[in-house]
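User: I would like to go through this model with you, starting with the charged pairs and then moving to the helices. Could you take my questions one at a time?

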Amino acid sequence: MPNRPVEIGPAGLHAARAIEYLRLVRGLTQHQLAARCTQLGRPMANTALSRTERARRRCDVDDLVTIATALGAPPAALLLPWPTHSPVSHATSHFLIPTQEALLG
């Protein structure tokens, strides 16, 4: 019987959306965010980050903590539902729920 990949569940989908959303709000490219993760001691290629954002790759807890640190956000902030990004929307905090605002400071 062939192995099936483990499906990405709701928390993983929220994390994928949150990573992309916060990266865009921070004005970072995938290359820049991946470089920040590498500088923090967790080597990451931009292709791995791209696959994570598109929910094509699972984000393990070490990746989650490093990505959150690189984005200047607590790891818990990446587990909450976030709006789908719009690259030209220049999203601001008025789109965030109070819990997200509290976590981001």
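**Salt bridges and helix packing**

Analyst: I will begin with arginine 42 and aspartate 63, whose side chains form a salt bridge at 2.7 Å, N to O. Please keep in mind that this is a predicted model.

User: Where do arginine 42 and aspartate 63 lie in the chain?

Analyst: Arginine 42 is in the loop between helix 2 and helix 3, and aspartate 63 is in helix 4. The pair links distant parts of the chain, 21 residues apart.

User: Is aspartate 63 buried or exposed?

Analyst: Aspartate 63 counts as buried because its relative accessibility is 4%, and the cut-off for buried is under 20%. Arginine 42, by contrast, is partly exposed, with a relative accessible area of 24%.

User: Which other residue forms a salt bridge with aspartate 63?

Analyst: Arginine 57 does, and the closest N and O atoms of that pair are 3.0 Å apart. Arginine 57 is partly exposed, its relative accessible area being 26%.

User: Which residues are linked in the network of salt bridges?

Analyst: The network links Arg42, Arg57, Asp60 and Asp63.

User: And how many salt bridges does a search of the whole structure find?

Analyst: The search finds 4. One of the salt bridges joins the side chains of arginine 23 and glutamate 53, at 2.6 Å from N to O. Arginine 23 belongs to helix 1 and glutamate 53 to helix 3, so this pair ties together parts that are 30 residues apart in sequence.

User: Are arginine 23 and glutamate 53 buried or exposed?

Analyst: Both arginine 23 and glutamate 53 are buried.

User: Let us turn to helix 3. Which of its residues are buried?

Analyst: Helix 3 spans residues 46-53, and its buried residues are Ala48, Leu49, Ser50, Thr52 and Glu53.

User: What covers the buried residues of helix 3?

Analyst: The cover includes helix 1 (10-25), helix 2 (30-39) and helix 4 (61-71).

User: Take helix 2, then. At what angle do the axes of helix 2 and helix 3 cross?

Analyst: The axes cross at roughly 110 degrees and come within 8 Å. Helix 2 and helix 3 are therefore roughly perpendicular to each other, given that angles from 65 to 115 degrees are classed that way. Helix 2 passes helix 3 in a right-handed crossing.

User: Which residues make that contact?

Analyst: Helix 2 contributes Gln30, His31, Leu33 and Ala34, while helix 3 contributes Asn46, Leu49, Ser50 and Glu53. By class, the contact has 3 nonpolar, 4 polar and 1 charged residues.

User: What follows helix 3?

Analyst: Helix 3 is followed by alanine 55, which is found in the loop between helix 3 and helix 4. Alanine 55 is not a glycine, yet its phi is positive, at about 55 degrees. For context, most residues other than glycine have a negative phi.

User: One last topic, valine 65. Where is its place?

Analyst: Valine 65 is in helix 4. With a relative accessibility of 37%, valine 65 counts as partly exposed.

User: How many residues apart are valine 65 and leucine 78 in sequence, and what is the C-alpha to C-alpha separation?

Analyst: Valine 65 and leucine 78 are 13 residues apart in sequence, and their C-alpha atoms are 9.2 Å apart in space.

Methods. Residues numbered from 1 in each chain as written. Predicted model: local features only at pLDDT ≥ 70, side-chain atom pairs only at ≥ 80, totals over all residues. Heavy atoms only, no water. Buried < 20%, exposed > 50% of the residue type's maximum accessible area, 1.4 Å probe, protein only. Helix = DSSP H or I, 4+ residues; strand = E, 2+ residues; numbered from the N terminus. Contact = heavy atoms within 4.5 Å. Axes fitted to C-alpha atoms, helices over the stretch in contact; angles between N-to-C directions. Parallel < 35°, antiparallel > 145°, perpendicular 65-115°, else oblique. Left-handed = near helix turned anticlockwise from the far one by under 90°. Nonpolar A, V, L, I, M, F, W, Y, C, P; charged D, E, K, R; others polar.
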